[in-house]
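Have the model open while you read.

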Amino acid sequence: FCQLYELKVSNKIYMAIKKIIKTFKEKKKKLQYSKKGLAFCFLKIPYKKQDRYFCSQFVATVLEKSKAIKLRKNSSLYLPKDLSKIPNIKCSFTGNHKSFLSYFKIQPIPQTC
């Protein structure tokens, strides 16, 4: 299951988001998926370890740091369903991953062993 959301932001905020993502890309070798953070999120316990994020936590962090939104709770407590409730956010796609790739004309990356 896959959903894509859009949030209209000012040019200033858009540029801030790009800068934040660039910073993440520059340290991508240090970044790791936070399995423990996700587990704590389900238990509603804030947990943050440097350079570790789960997907919705990453999105919430970027939106908060860019000042696109003011979070109502710690970014480590955001699940995808929470992001879908952000005011003025619009769902622009719902489907499975295969239909997502097809919808946006993206070629899947071949799997290698």
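A pocket here is an open set of grid points where a 1.4 Å probe fits, with protein on both sides within 12 Å along at least five of seven lines, and its lining residues have an atom within 4 Å of a point. Keep in mind that this is a predicted model.

**Largest pocket**
- The biggest pocket comes in at a volume of about 800 Å³.
- Its lining takes in 22 residues, and the ones nearest the centre are Gln 3, Tyr 5, Cys 55, Val 59 and Leu 83.
- At least two lining residues come from each of strand S1 (2-7), helix H1 (11-26), helix H3 (55-65) and helix H4 (80-83).
- By residue type, that lining splits into 19 nonpolar, 2 polar and 1 charged.

**Second largest pocket**
- Among the residues that line the second largest pocket are Ile 69, Leu 71, Arg 72, Tyr 78, Asp 82 and Pro 87.
- Here the lining divides into 5 nonpolar and 5 charged residues, with no polar ones.

**Cysteines**
- Searching the whole structure turns up 0 disulfides.
- Cys 41 is in no disulfide, and the nearest cysteine sulfur, in Cys 55, sits 12 Å away.
- Cys 41 is also buried, at a relative accessible area of 4%.
- Cys 91 has its closest cysteine sulfur in Cys 2, but at 9.3 Å that is too far for a bond.
- Cys 91 is partly exposed, with a relative accessible area of 36%.

Methods. Residues are numbered from 1 along each chain as its sequence is written. This is a predicted model: local features need pLDDT of at least 70, side-chain atom pairs count only at pLDDT 80 or more; totals for chains, interfaces and linings use all residues. Side-chain values use heavy atoms; hydrogens and water are left out. On a 1 Å grid over the protein atoms alone, a cavity is a set of points where a 1.4 Å probe fits but cannot get out, and a pocket is an open set with protein on both sides within 12 Å along at least five of seven lines; lining residues have an atom within 4 Å of a point. Grid points are joined across faces, edges and corners, and a volume is the space filled by probe spheres set on the points. Helices (H or I, at least four residues) and strands (E, at least two) are DSSP runs, numbered from the N terminus. Ala, Val, Leu, Ile, Met, Phe, Trp, Tyr, Cys and Pro count as nonpolar, Asp, Glu, Lys and Arg as charged, and the others, Gly among them, as polar. A disulfide is a pair of cysteine sulfur atoms within 2.5 Å. Buried means under 20% relative accessible area, exposed over 50%, partly exposed in between (1.4 Å probe, protein chains only).
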